[in-house]
Amino acid sequence: MKSLKPNGLFAAALLCFALLVSAAPASAQTVTLADGQILRGQFEQKRYLSGLANPVRSSGTFTLVAGRGLIWTTTKPFPTTTVMTEAGLVQDVKGKETVRLAASRLPIMSKLYTMFGAALTGNWEVMQSAFALTRQQKGQAWSIRLDSLRPDDPNLPIKAINARGQKLLDEVEVVKPNDDRDVLSFFNQRLEGAPLTAEEDAFLTRAQR
Amino acid sequence: MVLAAGGFLVFSFHRANPLRTDLTALLPLELQDPARQKANELISRSLARRFVVLVSHKDEAQARTRAAELAAALEGTGLVGPIGEDFSPDQLKKLGTLYFPHRDGLLSPADREALLADQGQELAERALAQIAGPGVGADARLLKTDPFLLFPSFLLNLPFPATRLALEDGMLVRRDENGTHILLPAKLLADPFDLKVQEALVSTVNRYEASLKGSDRPALHRLGAVFFAEAGARKAIDESSGLAGLSLAGTILLMLLVFRGLRPLMNNLLVIGVGVVTGLSACLLVFEQVHVAVLLFGIGLVGIAADYGFYYTATAFSVGGKTPGQRLTGILPGLTMALLIAVLGYGALALAPFPGLRQIAVFSAVGLTGAYLTTVLWLPLTDTRKAPAHALKTLGTVLWLSRFWNARRWRALRLGFCAGLALIVAAGLWRVEFDDDLRKLQPLDASLSAEQAAIAAVTGLNLTTQYLLIEAESDERALQTEERIAPMLGAWQQSGLIRAAQSPAAYVPSLARQEENGKLRREKLAEPFLAELLEALGLQAGAISAAPEGRLELAAALDSRANSFLNELVLAPGLHVVTLQGVTDPERIRRDIAGMAGVKFADPTADLSSLLGLYRLRALALLALSLVVIFALAAWRYGLRGAARTLAPSLAALAVAPCALALLGYPLTFFTAMAMVLLLSFTMDYSVFCAEAKRETRPITLLAVWMAALATILSFGVLGLSSTPAVAGFGLTVLIGVAVAGLLAPIAAR
């Protein structure tokens, strides 16, 4: 009998982390979000799971609010909203809360947020304790590769992260130890100072509880 | 005999320290409820072994380094298990390995509710959302074995004690505006109530704390029964050695002043020494261990043994050149009668089912007999004294003092004294209050309580002492009971009556519940929605490996030791504990569970307090019983009127002491009641000596009685200075009672 580790969950949480980092402006030269500033954009995610013929696809929009959290709104295959804050992760399906991962229960969630803050300031170096970083810059375009220093660590089940972009992040690939991988593409990103919608504010407030 | 007893003592203390410091060792054996007694014992044993130290520093790296150093130092004592072992990644792996094969019957409470409410569709959608959404979705391997992702949901909803700490790189960490806090959770491998263990552990922490110098040192906070026990024992030992020194010095001074010679002093110390050595060794022989409190109490009590020595020594003051043998014969009836009454009085203590009181009873009965035999067999042999030069003068003083009770001119003063006593009783009787709250009688160390509060503020961690006790014929039945009360626990949590609860059934559902869960999963989820989910995922039905139907037995979960919390909640087959955190209204809980079979609310501190209340009543009943027995004995020897006269001083003492205490603002506690039981025995000595004495030896008898009373006041009255209210109340009761009885003793003379 194969035994499955509950760490699958932590792996999942870490995946969120990878996404968070990748959603941030990823180069030292590029934008740093000031507190309260908002980065909006669209995403498309392809999740390749070994044993499944086709990737699981999803797409939607995201809103990253510096100092508060990330709202990840999936519109396809069906409406889902995932909100990540310092307090943890909350997921709504059709307007009903179905998942709540408190940072106090999933300790990794608080680490996630610490690193998330660091990443917001364009500080990839915070990943150096766990990953070997390789950067490349070609004119406007940059790419970065993160290779796990301990691919067997059950608490950090990510083998590698590949990210590339120009002014902002364009695409990121997260590879897990069993070679499952997520490929995320981002479009139409824009930095705004404008206030949040009431709905977004309510999401963040509820998730921060 | 004495040498043998001494040898046994040396042997006992050499082999292992037989002194106990835990309060539970003093507790009654005969509780109304053996299951609760066992639960209390087991829980205090396992909880008492846990302790935590919080290391705080502005700088995270510093905090980590210091925490690691302290952890190494603690582990280095060999008394502490690997620190943080319950929180290691390894432990999580063990949990997964334990539960995964049995996932078919495991559902989180919310998922179960959803299926019961026919909301399977929502669970299916949640699974899809997780699979497609950012993160959270699991890998293909998990999907093929648990397509609805119910297993992660179950694991995440296990009710682990909620704290504000996060596990980071093997350490439990919290950051706030004051810096980084690291919690070291530890488990003692040795008995936390063993004085040696306490000292070794506390000195390790103290040494480490002292080795940190400068303004940059981290703050250390500690929490655990072992620290409270150490502080309590240290305080008791410090205080009692001070008080014992005071009382010994006073007694020696008293003997030197009255007897004026080294030999009488040595003889009387010999009587006391023999009493302590034989009493303590008898106690060890019978009980193997002696509580520190019993030792202190017993030594004070054997100070009463000095009465016999005093009485004999005082006879040397008699004129007429009697031989030592003749002098002994003169007082032998008084001595024997006094011993008989004392042994009977202390024998009454053995009836109270407190191990501590039984120890005192054995200690006193054997110690007093030893002292009596020493006085009778030994003192006349070493006594070569003639009446000392100051004898006449001393006796003259005593005689002059005793006139107070028969001289006509003191009549007004006599009446005034008696009226004063009556006034105290009249005024105090209405103020007597009963209070057995243990927290007031034995307050916890203030600085440790402050550290406990600091740790609770940072971590959200609290010591739990309140719980529900579940009793059933088997584990399965107990788990079913817990499942029945689970909705009530949820409601309590909702309404703020409790903050959290941990129940064994939340970790391992009953077999019946697992069976039901498996059926729910099949009928309400898999059959209607699996095909749809697989299609959305692009998975073939054949790729799914169905969960095996084997159920998880509680015994297997316990054996795996994957969850140390669970092992602490299951005390014995069918005897479980549901711990309650942050109880705000114990009375509501008692009301809510009233009438539920096999469910009891336990609040050990409150239980102990009400138990003390019960035993206060019993002690007072014992006192009444002793009075009846003693009156019968006295009536047989002195006639009814003589008996009334003999008992008068004791009765006055017993009436005045608690009333005077009430006027001073002390409540009547179990300890006061015990002091009154002993008071009867002490004061009967004086009356019996006086009643047995012939008219011509009365001054000698009174000299002995007043010396004995003074010695008692010195040995017990000083306890009134103790900062522990229970001990102070005890000391003051004896102080006031003995003073009253000593002054009234001449009334008993024929």
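Colleague: At roughly what angle do the axes of helix 16 of chain B and helix 28 of chain B cross?
Modeller: Helices here are DSSP runs of H or I with at least four residues, strands are E runs of at least two, and both are numbered from the N terminus. Axes are lines fitted to C-alpha atoms, for helices over the stretch in contact, with angles from 0 to 180 degrees between N-to-C directions. The two axes come within 9 Å of each other, and they cross at roughly 85 degrees.

Colleague: What kind of model is this, and what pLDDT do local features need?
Modeller: Residues are numbered from 1 along each chain as its sequence is written, while chains are lettered from A and ligands numbered from 1 in the order in which they are written. The model is predicted: totals for chains, interfaces and linings use all residues, side-chain atom pairs count only at pLDDT 80 or more, and local features need pLDDT of at least 70.

Colleague: Are helix 16 and helix 28 of chain B roughly parallel or roughly perpendicular?
Modeller: Angles under 35 degrees count as roughly parallel, over 145 as roughly antiparallel, 65 to 115 as roughly perpendicular, and the rest as oblique. The axes of helix 16 and helix 28 of chain B cross at roughly 85 degrees. The two helices are therefore roughly perpendicular.

Colleague: Which residues of helix 28 of chain B meet helix 16 of chain B?
Modeller: Two residues are in contact if their C-beta atoms, placed from the backbone, lie within 7 Å. On the helix 16 side, the residues are B:Thr394, B:Leu395, B:Val398, B:Leu399 and B:Ser402. Their partners in helix 28 of chain B are B:Pro699, B:Ile700, B:Leu702 and B:Leu703.

Colleague: How far apart are the end C-alpha atoms of helix 16 of chain B?
Modeller: The expected span is 1.5 Å times one less than the number of residues. For the 12 residues of this helix, 391-402, that gives 16 Å. The model agrees, with its end C-alpha atoms separated by 16 Å.

Colleague: Is B:Arg522 partly exposed or buried?
Modeller: B:Arg522 lies in helix 22 (residues 511-537) of chain B. Its C-alpha atom is 9.1 Å from that of B:Asp104, 418 residues away along the chain. Because B:Arg522 has 14 C-beta neighbours inside 10 Å, it counts as partly exposed.

Colleague: What is the strand order of the open sheet in chain A?
Modeller: Chain A has 3 helices and 11 strands. Strands pair if DSSP finds at least two bridges between them. The open sheet has 11 strands with antiparallel pairing, in the order 6-5-4-3-2-1-11-10-9-8-7.

Colleague: Which are the edge strands of this sheet?
Modeller: Each edge strand pairs on one side only. They are strand 6 (96-102) and strand 7 (131-138) of chain A.

Colleague: How many residues of strand 2 of chain A are buried?
Modeller: Strand 2 runs antiparallel to strand 1 (residues 38-48) of chain A, with 10 bridges, and antiparallel to strand 3 (residues 69-76) of chain A, with 7 bridges. Helix 3 (residues 198-207) of chain A lies across several strands, including strand 2. Strand 2 (residues 56-65) is largely enclosed by the rest of the structure, so the buried count is 7 of the 10.

Colleague: Which residue of strand 3 of chain A stands opposite A:Thr61?
Modeller: In this pair of strands, A:Ser59 stands opposite A:Lys76. The residue opposite A:Thr61 is A:Thr73.

Colleague: Is A:Gly193 buried or exposed?
Modeller: A:Gly193 lies in the loop between strand 11 (181-192) and helix 3 of chain A. A:Gln37 is 156 residues from A:Gly193 in sequence, yet 5.1 Å from it in space, C-alpha to C-alpha. Because A:Gly193 has 8 C-beta neighbours inside 10 Å, it counts as exposed.

Terms used:
Buried ≥ 20, exposed ≤ 12 C-beta atoms within 10 Å, placed from the backbone.
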